[in-house]
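Here is a friendly briefing to read alongside the model. Please keep the sequence and the 3D view open as you go.

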Amino acid sequence: MPGKTSNPPDEAAETPHYHGHRERLRERFHGAGPEALSDYELLEMALFPALPRRDTKPLAKALLKTFGSFAEVIHAPVARLREVDGIGEASINQIKLLAAAANRVAKGEIKRKIALSSWNDVIDYCRSGMAFAAKEQFRLLFLDKRNQLISDEVQQTGTVDHTPVYPREVIKRALELSATALILVHNHPSGDPTPSQADIQMTKAIVDIATPLGISVHDHIIVGKNGHASLKGMRLI
């Protein structure tokens, strides 16, 4: 007899006992709103298109157990997502689509607002895009004289604990964009946003070059999954 073949994770068929559960989730989502659903239930629903013939609850719970929160799941590195039992490429693509959508929405929100009149939005935007990244990134928010965002650019991507930053390149780019102010942002993949001595020295070097040219450095924000730190707020710049 031919050997029994197994389906890949995203295609495995199970008894469709979950159909009624899916409808109840949809009804709660549309009737009571997303706040009525827990993180794992929202993740379940997000995985429906990737797993049309499977109960998505076990996978949603496994992902949250592995990574800790909805945000950490969608921003988890693809290599780590693949380590979760029962996941397949369709599910990973769906999860990464959520991350891309969250980042796009946050970017759109910050672009239409005056950055410094909504500081919490700046923090939320930075955390949504960087707090859960596996490698350090150094990001620059270039602002005009009204503190409107001109451009948001990742200047460097480094290793798990270091990103090379070149102060003169930062200022050169600010001059190219006619920016009058900067917000520096980088992440700590360790989760602890406490600034290092190198972070402080690099920030001061950028300030020293920027100030004579009429460019203000409003802050250097460090984000991690455990929170954020503001060098300005800590009176380190």
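**Strands, cores and salt bridges**

Strands β4 and β5 form a hairpin, with two residues between them. This is a predicted model, in which local features need pLDDT of at least 70 and side-chain atom pairs count only at pLDDT 80 or more, while totals for chains, interfaces and linings use all residues. Residues are numbered from 1 along each chain as its sequence is written, and side-chain values use heavy atoms, with hydrogens and water left out. Helices (H or I, at least four residues) and strands (E, at least two) are DSSP runs, numbered from the N terminus.

**Around strand β4**

- β4 and strand β5 (residues 227-230) pair in the antiparallel sense over four bridges; two strands pair if DSSP finds at least two bridges between them.
- Ile222 stands opposite Ala229 in β5.
- Strand β3 (residues 181-187) runs parallel to β4, and seven bridges join the two.
- In that pairing, His186 stands opposite Ile222 in β4.
- From β3 the chain crosses through helix α9 (residues 197-210) to β4, a β-α-β crossover that is right-handed (with the strands pointing away from the viewer, the path from the first strand over the helix to the second runs clockwise).
- Why is β4 (residues 216-224) described as largely enclosed by the rest of the structure? The reason is that seven of its nine residues are buried, where buried means under 20% relative accessible area, exposed over 50%, and partly exposed in between (1.4 Å probe, protein chains only).

**Nonpolar cores**

- A nonpolar core is a set of buried Ala, Val, Leu, Ile, Met, Phe, Trp, Tyr and Cys residues joined through side-chain atoms within 4.5 Å.
- In soluble globular proteins, nonpolar side chains tend to be buried together.
- The largest core here has 18 residues, and Leu63, Leu81, Ile87 and Ile95 have the most contacts inside it.
- Two or more residues of this core come from each of α2 (39-47), α3 (57-67), α4 (70-74) and α6 (89-111).
- Helix α3 gives the largest share, five residues.
- Ile95 touches Leu47, Leu63, Val73, Ile74, Leu81 and Ile87, leaving aside residues up to four places away in sequence; contact means heavy atoms within 4.5 Å.
- A second, separate core has 15 residues, including Leu140, Val165, Leu182 and Ile206.

**Salt bridges**

- How many salt bridges does the structure hold? There are seven, each being a side-chain nitrogen of Lys or Arg within 4 Å of a carboxyl oxygen of Asp or Glu.
- Arg26 forms one with Glu23, and their closest N and O atoms are 2.8 Å apart.
- Both of these residues lie in helix α1 (residues 19-32), three residues apart, or about one turn of the helix.
- Arg26 counts as partly exposed at 29% relative accessibility, and Glu23 is partly exposed with a relative accessible area of 41%.
- Arg139 forms a salt bridge with Asp152, with the closest N and O atoms 2.8 Å apart.
- Because Arg139 lies in strand β1 (residues 137-143) and Asp152 in strand β2 (residues 149-157), the pair ties together parts that are 13 residues apart in sequence.
- Are Arg139 and Asp152 buried or exposed? Both are buried.
- Glu153 forms a salt bridge with Arg173, the closest N and O atoms lying 2.7 Å apart.
- This pair links distant parts of the chain, with Glu153 in strand β2 and Arg173 in helix α8 (residues 167-176), 20 residues apart.
- Arg173 counts as partly exposed, at 29% relative accessibility.
- A network of salt bridges links Glu153, Arg173 and Glu176.
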